[in-house]
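I opened the two-chain file today to look at how the copies meet. My notes follow the order in which I looked things up.

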Protein chains: 2
Amino acid sequence: MNFLEERIVKDGIVKEGNILKVDSFLNHQLDVELFDQMGKEWARRFKDVEINKILTIEASGIGIACVAARHFNVPVVFAKKSQSVNLDGEMYTAEVESFTHKNKNQVIVSRKFLNEGDKILIIDDFLANGCALQGLISIINQAGASVSGIGIAVEKGFQTGGQIIRNMGYKLESLAIVDAMDASTGNITFRS
Amino acid sequence: MNFLEERIVKDGIVKEGNILKVDSFLNHQLDVELFDQMGKEWARRFKDVEINKILTIEASGIGIACVAARHFNVPVVFAKKSQSVNLDGEMYTAEVESFTHKNKNQVIVSRKFLNEGDKILIIDDFLANGCALQGLISIINQAGASVSGIGIAVEKGFQTGGQIIRNMGYKLESLAIVDAMDASTGNITFRS
């Protein structure tokens with residue numbers, strides 16, 4: 001097991017309905033030292049690809065992306081999930097459906113911050129069915145930018161999101177891939 | 001002018017209606033090197049107070065808080081703005097009204113992550129009328145924790161939020177206080 005898998009075993013909680021709660025260190029209380037380790041590991045895995053910007057999505061991707069960005073020396077852009085009155089000018093938009101919230105959101109990025117030729121690393125905390133990720137890829141394509149890679153903290157390997165993204169040829173690096181969870185025992189099986 | 005005021009003059013845009021757009025470096029595209037400088041400066045200003053946790057609010061506070069937290073060696077907790085199905089158990093809640101979005105939100109923090117005796121540093125990107133900040137203080141009080149200090153990136157000094165907070169005796173350190181803006185000339189007057 002790597003450092004993130006060990007932490008999930010130690011502090012993650014498996015709930016009925018294939019829910020993995022990692023809110024004590026990943027997406028409500030945030031362990032920024034852990035995020036730094038994750039950033040260092042992604043920097044190692046993506047050392048051979050060109051990256052000039054990191055794209056993530058609010059809210060729980062932002063902290064991970066910002067701490068990780070220190071290992072890439074690039075700015076972060078975060079996609080917003082709803083129209084804000086402070087966001088004027090032209091935007092790229094894509095519609096995504098949240099696995100967690102069961103609702104549809106517009107994912108929005110200002111055209112000012114994604115440009116033709118940008119080499120983008122996408123960072124997010126979770127990958128399940130991959131709808132949010134598909135929305136981010138759509139926005140990158142709209143901008144004429146390209147996806148250099150995708151760094152995910154926790155992938156639910158028993159859902160289809162990761163496989164679809166790999167089938168499409170993207171370089172996807174999930175630091176922990178959960179292949180099975182058992183709420184009755186709390187056991188978590190990681191892909192090796 | 002300090003480093004943040006200089007950056008606001010260079011890249012901030014003043015719009016009609018007392019709107020200051022800093023989305024190219026602070027709250028849409030994120031300059032994490034700048035956030036690191038901000039964290040270092042807050043660590044200097046709060047070096048004499050005890051802090052064991054940083055509290056912020058989604059979305060644009062998260063990146064600043066996470067990068068700043070590296071200078072304090074403490075975890076970050078971010079308050080959520082709406083009920084999520086993944087947030088079970090008991091929560092602290094407070095109702096706040098957004099200056100930007102003109103709507104009311106429940107601010108929510110899990111009881112697991114704020115405890116009696118916690119010494120909290122609040123970090124956020126903007127302070128205007130201070131409603132979000134009042135909600136965070138309410139939640140900290142509900143938990144029996146205490147506010148060690150409040151670090152704000154940009155305070156709109158011509159609105160009442162900062163004065164109310166200072167009147168109540170909190171140690172509030174805003175890195176840039178805008179006392180006036182002129183949309184016709186683009187001029188920004190900082191408090192010295």
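Which strand of chain B is joined to β5(A), and by how many bridges? I found two bridges from β5(A) to strand β3 of chain B (residues 29–30), and the two run antiparallel; strands are DSSP runs of E of at least two residues, and helices runs of H or I of at least four, numbered from the N terminus, while pairing takes at least two DSSP bridges. I noted B:Leu30 as the bridge partner of A:Val76.

I kept in mind that this is a predicted model, in which local features need pLDDT of at least 70 and side-chain atom pairs count only at pLDDT 80 or more, whereas totals for chains, interfaces and linings use all residues. Residues are numbered from 1 along each chain as its sequence is written, and chains are lettered from A in the order in which they are written.

Next I looked up the contact, where two residues count if their C-beta atoms, placed from the backbone, lie within 7 Å. The contact takes 30 residues from chain A and 29 residues from chain B, and α3(A) gives the most to chain A's side, with five residues.

I then followed A:Cys66, which, leaving aside neighbours within four places in sequence, is in contact with A:Val76 and with residues of chain B including B:Leu30, B:Phe35 and B:Cys66.

Last, I superposed the copies by least squares on C-alpha atoms of residues with pLDDT of at least 70 in both: a rotation of 180° with 0.0 Å of shift along its axis brings chain A onto chain B (RMSD 0.0 Å). The two copies are therefore related as by a two-fold rotation axis.
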